[in-house]
Amino acid sequence: MNKHGMVHRALTAHNVLMDCKGNVKLAKFGLYHMTDHGADVDFPIGYPSYLAPEVIAQGSFHPSDPSYDEAPLPSGPKTDIWPTPAKLLGDPVFSGVSCLYTPFQKPVSLFSSSLRCAHLELPEDISELCKDDDDDYLSERAIDEVYYLWCLAGGDLEKELTNKEIIQSKPPICTLPKFILEDGESFGQGRDRSFLLDDTTVTLSLCQLRNRLKDVAGEAYYPLLEDEQSSLPQSNSSNELSATVTLPLIIRERDTEYQLIRIILFDRLLKAYPYKKNLVWKEARVDIPPLVRGLAWAALLGIEGDIQAKYESIDKDTPIPTDRQIEVDIPRCHQYDELLSSPQGHIKFRRVLKAWVVSHPDLVYWQGLDSLCAPFLYLNFNNEALAYACMSAFIPKYLYNFFLKDNSHVIQEYLTVFSQMIAFHDPELSNHLNEIGFIPDLYAIPWFLTMFTHVFPLHKIFHLWDTLLLGNSSFPFCIGVAILQQLRDRLLANGFNECILLFSDLPEIDIERCVRESINLFCWTPKSATYRQHAQPPKSTGDNGFGKTASYFSSDYQDMPKTDLSREPLALCDLKSEISPRISAEDLIDLCELSFPGPAKRTKVGKPKIVAVDIRNVEDFSRGHISGSINIPFSTAFSPDGELVQCPATGILLNFRGRVIVVISHAMKSAVLFAAHLVKVNFPRVCILDGGINKLKPTGLLTVPSPQI
């Protein structure tokens, strides 16, 4: 232990334990570290009979003590080898079992360059791996898993310690001294024993947990990763488990049996990462167990390589101009959480944020970066390198160039596309917000700059990001629209001032509903509708230093190879002038299921239903049009007051209301105006073919009607 830089400092006979199988366990070796080398508590760390002389001579230290100019140096490994403990460990009972133990080897990290199976040994008789029905499978699980499941099954550590009278509570008034002099010296009240160290070892009973898991079959602890039938094992309660999958996420996360199954499955998949990356994605779509969320997110972000070495190579100590802003922001970031608001939490926050700033010299620190860091730091509190790696992979994927020194063009383009998404999915709400002047610039910048971490508490962010990390860089638009739709009735009923007040203190949002509706909105949105020229360009594996990320729901439009049918970049002023989004010709061909000459392509499942509206005059339409499109000439489509004129063609359009409507013309200006008119009369899912009919002429996909004889 000392070889790895760990100091016990409280080594004594009753801190060396032995279990019923003869395994020796060293206990309470974290107390010295957890108490900041004893500075955070009123009692000495260690036992006088076993303390080294220099520790006794040093005495106890408190930061508030004026007699100390500076804190004494922490104890080193030598304090653990003072002769008395050495004689203790030389006892025959310990020497008899010491030969049974192999030297300590640091566990191989999931995201490291070391081989995980380098020392794998299998028994000669493979049947030895098979267990009897009476074997204790739970004892083979990691201690953090067992404790997590113990808590889910109703275990309460504070209650257990209170029952054993280790935790003693007294009214604060009873702990005050009876008499205090001017110099601070106090008399009349002895030191309260409840504030001193009680090193009693308490055994937590697993009876309640074992009873809860009694119906889980032994096969559940060794799931077959390649079993295509189901990820849930067969057991006496398999029907109950299958039914649990359909329950709300918050209930699933509190179900002990269900969480055991999911934790074991994810543990197996993550140990096989990156080779089982696709299965991690598949299972993450169902849900992610809270216990392994940090590692699962890292896998979804494509983290690979020796992240610890990379993190350690970054200079986090040299002062930089950003230090002052970081110091100001950290005490305001999710400080309702005990972990992040702790002194250690602030130190880790500072190091991770500074590492990101130093390692990205082309970017700058903007307010909100601390909020982005918070979920990763919370989930990887004891692994700063992984928190840093996740943050470094997340930002380029979802917030590419948001942290440039001059990011106005990036944010303005992003907000304009978001405004078009509101008009695409909810034209009535879009019309009202535009009419009262309540534009996304007034409320949505903190949403997207922090990916909603500034808006929601951590427990909601975890559920939101579980799905966000499965989507591509355009998925946040759908989350934003889903939030607005939850507030739809209140927004439609109020004016500008009331909307400002509403968003200054955002009402409670049902995050599960938000996730469901975001996925539905995403599935109805054509890929190219959210095209941004300032989005992350296509990259090869490893460009971000931690591997390439993927998307379960859809790959980014920017990652697709560019062709003559792709969307063309549009100047920001032109983009802002258009209410409806544009889609590419290749998107239209794909959605209409038009096929080029050659082998027939398989029809994709789950694509949005679409109707193409050709607004050219009848003569141009008859010279060539998309098969299945309807012709509504722009010149006769709308009345002077902007209403849609009743005719057979517009009647067909009304019947197709709710489908994705693609407006096609030879002139983009006409298509933009026609789409704006449709949005004005509350037609949802209206978009424009980028480049118009001319984009499709070279493809040979236009249909010419047969002349009537």
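Predicted model: local features only at pLDDT ≥ 70, side-chain atom pairs only at ≥ 80, totals over all residues.

Modeller: Start with length. Helix α26 covers residues 511-524, which makes 14 residues. At 1.5 Å a residue, these should span 20 Å.

Now ask which residues of α26 are buried. They are I511, C514, V515, S518, L521 and F522. Buried here means under 20% relative accessible area. Look down the axis of α26: the buried residues fall within an arc of 130°, so they line one face of the helix. An α-helix has 3.6 residues a turn, so residues three or four places apart point the same way.

What covers that face? Among the elements over the buried residues of α26 are α19 (408-425), α22 (458-468) and α23 (475-486).

Next, the start of the helix. D510 caps the N-terminal end of α26. One of its side-chain oxygens lies 3.2 Å from the backbone nitrogen of E512.

Two of the covering helices lead us to loops. The loop between α18 (384-398) and α19 holds N401. Phi of N401 is near 65°, which is positive, and the residue is not a glycine. N401 counts as partly exposed because its relative accessibility is 24%. The loop between α21 (445-449) and α22 holds M451. M451 is not a glycine either, yet it has a positive phi of about 50°. M451 has a relative accessible area of 0%, so it is buried.

Y273 and P274 are joined by a cis peptide bond, with omega about 10°. P274 sits in the loop between α10 (256-271) and α11 (277-286).

Last, a strand for contrast. Strand β6 spans residues 610-614, and five of its five residues are buried. In a regular strand the side chains alternate between the two faces of the sheet. In β6, I610, A612 and D614 are on one side, and V611 and V613 are on the other. Both faces are covered.

β6 also has partners. It runs parallel to strand β9 (residues 660-664), joined by five bridges. There, I610 stands opposite V660. Strand β8 (residues 630-631) also pairs with β6 in the parallel sense, over two bridges. In that pairing, V613 has I630 as its bridge partner.

Definitions and conventions: Residues numbered from 1 in each chain as written. Heavy atoms only, no water. Buried < 20%, exposed > 50% of the residue type's maximum accessible area, 1.4 Å probe, protein only. Helix = DSSP H or I, 4+ residues; strand = E, 2+ residues; numbered from the N terminus. Pairing = 2+ DSSP bridges. Expected span 1.5 Å × (residues − 1). Arc of directions from axis to C-beta. Contact = heavy atoms within 4.5 Å. Polar contact = N/O pair within 3.5 Å; in protein donor to acceptor, adjacent residues only side chain to side chain.
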